[in-house]
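I opened a notebook for this structure and put down each thing as I looked it up. The entries follow in that order.

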Amino acid sequence: MKIAVTGGSGFIGSRLIAYCQQLGHEMITISRSSQTVVQGARTVTWAELQDAPEILEGLDAIVNLAGESINQRWTAAAKQRILESRIKAAQQVGQLVERMDKKPKVVVNASGMSIYGTSETATFDERSPHRTMDFLSSVVDKWEQAADQIKGPRLVKVRVGLVLDGKEGAFPKMAFPYKLGVGGPIGSGKQWLSWIHIEDMVRLIDFCIQNEEISGPVNATAPNPVTNKQFGAQLAQALHRPNLFPLPAFVMKLAFGELSTLLLEGQKVLPHVLLQHGFRFTYSSVDKALADIVNN
């Protein structure tokens, strides 16, 4: 297949391109800069596509992973960048598709599990209602509204959970205290953590591209979420380190501000659509996922 990726130089995008290239797909990354280099893909800029959308004629799929990182202190300016970058990326994809004579069969647009809001007791799947109760849930709600304006191709909205990888993303920061021997539960430890291994993350995107029966929201989370306390215990075991030093919520709030809500609050999210369509997770349990990440 011929697949274009926005955000191809990012954490998930670069791994997706490498995986799809191994499968024999022709990969293109769409970037603001012609200097963007992603191994395994040729680069096309938005400026080039503005003048000549036919460059991408014959495309089978577009995967939109572009957006400002949420792993930063949420100042007013940062919040604006986080929101606007996601809406703009979805709008650009929609405008590109509209101008293409031969449209791609599918657009996979990244989204987030924050759309369900937070809860220590509720369980959410793709049939659960949206709950815009905080900054991230409102961002994802507006993000998906922008994606819904993409007309023509089959649209898949992948609601990404906490992606586990040994080198990038949130995991290295989460593991650092444990490596120093001072790890422990964060806050109450009761908050849910809906996670997914990076390998399953990129596999499920390809699965959604290939499976014509899948459309709409898709939860990109492993089938066995855990509490923060359970995650910490498994991480300590994988690293052969203690799990004795709880980190109070007020310390997290002082250190990270509003960003601390990512780890202090959570949601139990299940991948109903993927399981319904027969997707098999390589890493369905957190102990197996953490053992792989720590040992590779």
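**Entry 1: His-240**

I looked up His-240 and found it exposed, with a relative accessible area of 70%. For this I took buried as under 20% relative accessible area, exposed as over 50% and partly exposed as in between, with a 1.4 Å probe and protein chains only. His-240 lies in the loop between helix H7 (228–239) and helix H8 (249–256). Helices (H or I, at least four residues) and strands (E, at least two) are DSSP runs, numbered from the N terminus. I also noted that His-240 has a positive phi of about 60°, although it is not a glycine.

**Entry 2: what kind of model**

This is a predicted model, in which local features need pLDDT of at least 70 and side-chain atom pairs count only at pLDDT 80 or more, while totals for chains, interfaces and linings use all residues. Residues are numbered from 1 along each chain as its sequence is written, and side-chain values use heavy atoms, with hydrogens and water left out.

**Entry 3: the whole chain**

I counted 11 helices and 13 strands in the chain. For 296 residues, a compact globule would have a radius of gyration near 19 Å, and the chain agrees with its 19 Å. That radius is taken over C-alpha atoms, and the globule rule is 2.2 Å times the number of residues to the power 0.38. The C-alpha atoms fill a box of roughly 60 × 40 × 40 Å along the principal axes. I found that 52% of the 296 residues count as buried.

Among contacts in the chain with a separation of 6 or more, 76% are between residues 24 or more positions apart. Contact here means heavy atoms within 4.5 Å. The accessible surface of the chain comes to about 13,700 Å², and 51% of this belongs to carbon and sulfur atoms. These areas come from the Shrake-Rupley method with a 1.4 Å probe, and for residues only the protein chains shown count as cover.

**Entry 4: the cores**

In soluble globular proteins, nonpolar side chains tend to be buried together. I took a nonpolar core as a set of buried Ala, Val, Leu, Ile, Met, Phe, Trp, Tyr and Cys residues joined through side-chain atoms within 4.5 Å. Which residues touch the most other members of the largest nonpolar core? They are Met-201, Leu-204 and Ile-205, in a core of 33 residues. The elements that give two or more residues to this core include strand E1 (2–6), helix H1 (11–22), strand E4 (61–64) and helix H6 (198–210). H6 provides the largest share, 7 residues. A second, separate core has 21 residues, among them Ala-170, Met-174, Val-226 and Leu-290.

I then followed Met-201. Not counting residues up to four places away in sequence, Met-201 touches Ile-12, Val-158, Val-160, Val-163, Ile-196 and Ala-220.

I found Leu-65 in the loop between E4 and H3. Leaving aside neighbours within four places in sequence, the contacts of Leu-65 include Val-5, Ile-12, Leu-16, Ala-110 and Ile-205. The C-alpha atoms of Leu-65 and Arg-86 are separated by 8.8 Å, and these residues are 21 apart along the chain.

Glu-68 also lies between E4 and helix H3 (76–99), in the loop. Glu-68 counts as partly exposed, at 27% relative accessibility. With neighbours within four places left aside, Glu-68 is in contact with Arg-81, Ile-82, Ser-85 and Arg-86. Its C-alpha atom is separated by 8.1 Å from that of Leu-83, 15 residues apart along the chain.

Is Ala-238 buried or exposed? At 18% relative accessibility, Ala-238 counts as buried. Ala-238 is in helix H7. Not counting residues up to four places away in sequence, Ala-238 touches Leu-290 and Val-294.

Last, I looked up Ser-285, in the loop between H10 and helix H11 (286–295). Ser-285 counts as partly exposed at 25% relative accessibility.
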